[in-house]
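Dear colleague,

Please find the structure below, followed by an account of what was found in it.

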Amino acid sequence: MTRFIHDQFAKDYLEELLKNYGEVKASEKVSGEIKEIDVLFTPAKQQSSNIQILGLLGRFAQQPAIIEPYRNPASTDEICDCILKLLEIKALLRREAKANKTKLQDLEIPKLWIITPTISETRLSSFGTMQKAGWLSGVHFLPDALRTAIVAIHQLPQTPETLWLRILGRGNVQSQAIIELQTLPLDHPYQKATLELVYNLRQNLRVNQELEADDRELIMRLEPLYQRDREQAKEEGRQEGKKEGKQEGRQEGKQDLILRLLNRRIGEIDASLIGQIKGLSIEQLENLGEALLDFSSVADLETWLNQQSI
């Protein structure tokens with residue numbers, strides 16, 4: 001089963017896109033039965049106009065939001081569970097307002113966005129959904145009191161406004177979104193970070209033995225894009241390494257470059273690992289510069305370093 005891999009990708013992806021616009025909590029626990037909200041978003045008090053760059057997703061994030069993405073079509077029970085989470089959050093906010101002797105405003109109550117690749121008309125009808133003026137096709141609203149909408153990704157129009165949601169789709173819809181992502185300007189604030197998350201998804205899927213047809217197709221479609229960006233990163237590393245080498249000496253320049261690339265790839269690393277890296281030869285540093293493109297965690301770096309000492 002690869003559903004959990006895709007679930008984690010969706011959470012990481014939404015957190016990466018929304019973190020500059022407010023507080024993002026992934027896997028937030030609610031109720032005594034330990035239910036988890038996939039993404040709970042609270043917008044910053046001073047909302048940035050840059051959020052418009054996220055299109056329809058940015059529109060969701062203009063107010064408090066619960067975002068529940070599904071890899072497979074959301075079932076009736078799963079939709080009901082999501083609504084229950086929303087009601088529990090609302091009850092918690094009401095208790096907090098009462099304790100603080102304040103009135104809970106409607107704008108403080110999150111809206112629930114259930115994101116599913118597809119959904120049948122029968123299931124939509126069973127929840128009494130409706131289309132609203134000013135909203136794109138594919139966004140189905142439940143009665144207003146429930147503060148909930150079901151977003152059918154594969155029903156969304158293929159426009160830049162929906163790109164950041166279509167990346168969470170399946171099959172051709174997701175593949176087309178990734179192609180569009182690739183064609184964005186290199187200085188786009190979310191292109192590089194999103195591609196890195198997509199490549200991590202590819203790597204996690206590759207080590208799984210029970211791939212679905214969609215996953216195998218996704219890996220195949222990503223392979224040439226991944227190899228192209230890998231070669232580009234290697235060339236940038238060589239060029240930057242040459243520049244650093246002229247300024248600070250070849251060995252020290254490569255060490256600094258590798259450390260910067262690692263920080264961007266897997267986050268900050270501790271002093272002991274930094275010491276091991278500084279003890280590597282130039283040839284080993286060059287090998288590490290290539291290997292780190294496949295790293296997704298500090299554990300990958302530790303494994304690679306241990307192999308050098310064998």
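In which loop is R147 found? R147 belongs to the loop between β5 (139-141) and β6 (148-152); helices (H or I, at least four residues) and strands (E, at least two) are DSSP runs, numbered from the N terminus. This is a predicted model, in which local features need pLDDT of at least 70, side-chain atom pairs count only at pLDDT 80 or more, and totals for chains, interfaces and linings use all residues. Residues are numbered from 1 along each chain as its sequence is written, and side-chain values use heavy atoms, with hydrogens and water left out.

R147 has a phi near 50°, a positive value in a residue other than glycine. Because its relative accessibility is 16%, R147 counts as buried (under 20% relative accessible area; exposed is over 50% and partly exposed in between, with a 1.4 Å probe and protein chains only). K101 also has a positive phi, near 55°, and is likewise not a glycine. The loop that holds K101 runs between α3 (76-99) and β4 (111-116). K101 is exposed, with a relative accessible area of 79%.

Strand β2 and its partner

Strand β2 (residues 35-43) has seven of its nine residues buried, so it is largely enclosed by the rest of the structure. Strand β3 (residues 65-69) pairs with β2 in the antiparallel sense over three bridges; strands pair if DSSP finds at least two bridges between them. V39 has I67 of β3 as its bridge partner.

D38 also has its place in β2 and counts as buried, at 14% relative accessibility. Apart from neighbours within four places in sequence, the residues in contact with D38 are K11, K25, A26, S27, I67, E68 and P69, where contact means heavy atoms within 4.5 Å.

Helices α6 and α7

How do the axes of helix α6 (residues 171-182) and helix α7 (residues 191-206) cross? They come within 10 Å and cross at roughly 140°; axes are lines fitted to C-alpha atoms, for helices over the stretch in contact, and angles run from 0 to 180 degrees between N-to-C directions. The two helices, α6 and α7, are therefore oblique to each other (angles under 35 degrees count as roughly parallel, over 145 as roughly antiparallel, 65 to 115 as roughly perpendicular and the rest as oblique). From α6, I178, L181 and Q182 meet Q191, T194, L195 and V198 of α7. The residues of this contact between α6 and α7 divide into four nonpolar, three polar and no charged (Ala, Val, Leu, Ile, Met, Phe, Trp, Tyr, Cys and Pro count as nonpolar, Asp, Glu, Lys and Arg as charged, and the others, Gly among them, as polar).

Yours sincerely
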